[in-house]
Amino acid sequence: MERDFNDVLNDIVFADNRYRQMGFTRGFSLGEEAGWREGYTLGLQKGAQLASELGFYQGFVHAWITVLEKDETTKQRKLVALRSLLEMTKSFPKTNVPDQDFVERIQKIRAKFKQVLSLLDINTSCDPEPEDERPEMSF
């Protein structure tokens, strides 16, 4: 079967478009796959960071509740704030719930933690000691 000269010429002319489309399709599918992998890895990393942060808050709260329950002069307000923070961390969703705003909830938890730090009079700044209070070092 012989091909018409015009068909051969059209194949040559349209080869560029055909190969460009094939390259686009292949590149798109490879990019999509790489994007899914990158998104999964990032989600896993951020989830682990968030879980670590929530675990820190829970451990902090448990330790302080234990200390404050033994102290008879403890103000009830401190314990209420600590228990509230504990409840907020425990009620944080462990799975992705589309209709809940994770960012807003974690911001509320962080704000509550700052309130607890203030109530407990805990300074979290990393300022070095003033020079006059530093011990002298001799080498």
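I began with Glu53 and found that this residue is buried, with a relative accessible area of 19%, where buried means under 20% relative accessible area, exposed means over 50%, and partly exposed lies in between (1.4 Å probe, protein chains only). The model is predicted, and local features need pLDDT of at least 70, side-chain atom pairs count only at pLDDT 80 or more, while totals for chains, interfaces and linings use all residues. Residues are numbered from 1 along each chain as its sequence is written, and side-chain values use heavy atoms, with hydrogens and water left out.

I then looked up the place of Glu53, which is in helix α1 (residues 5-70); helices (H or I, at least four residues) and strands (E, at least two) are DSSP runs, numbered from the N terminus. Leaving aside residues up to four places away in sequence, I noted that Glu53 touches Ile106 and Arg110, a contact being heavy atoms within 4.5 Å.

Next I turned to the whole protein chain, which has 3 helices and 0 strands and follows the pattern α-α-α when read along the sequence. Buried residues make up 18% of its 139 residues. Of the contacts in the protein chain between residues at least 6 apart in sequence, I recorded that 57% join residues at least 24 apart.

Last, I checked Asp121, which sits in the segment after α3 (102-119) and is exposed, with a relative accessible area of 71%. Asp121 has a positive phi of about 60° although it is not a glycine. I kept this entry because most residues other than glycine have a negative phi.
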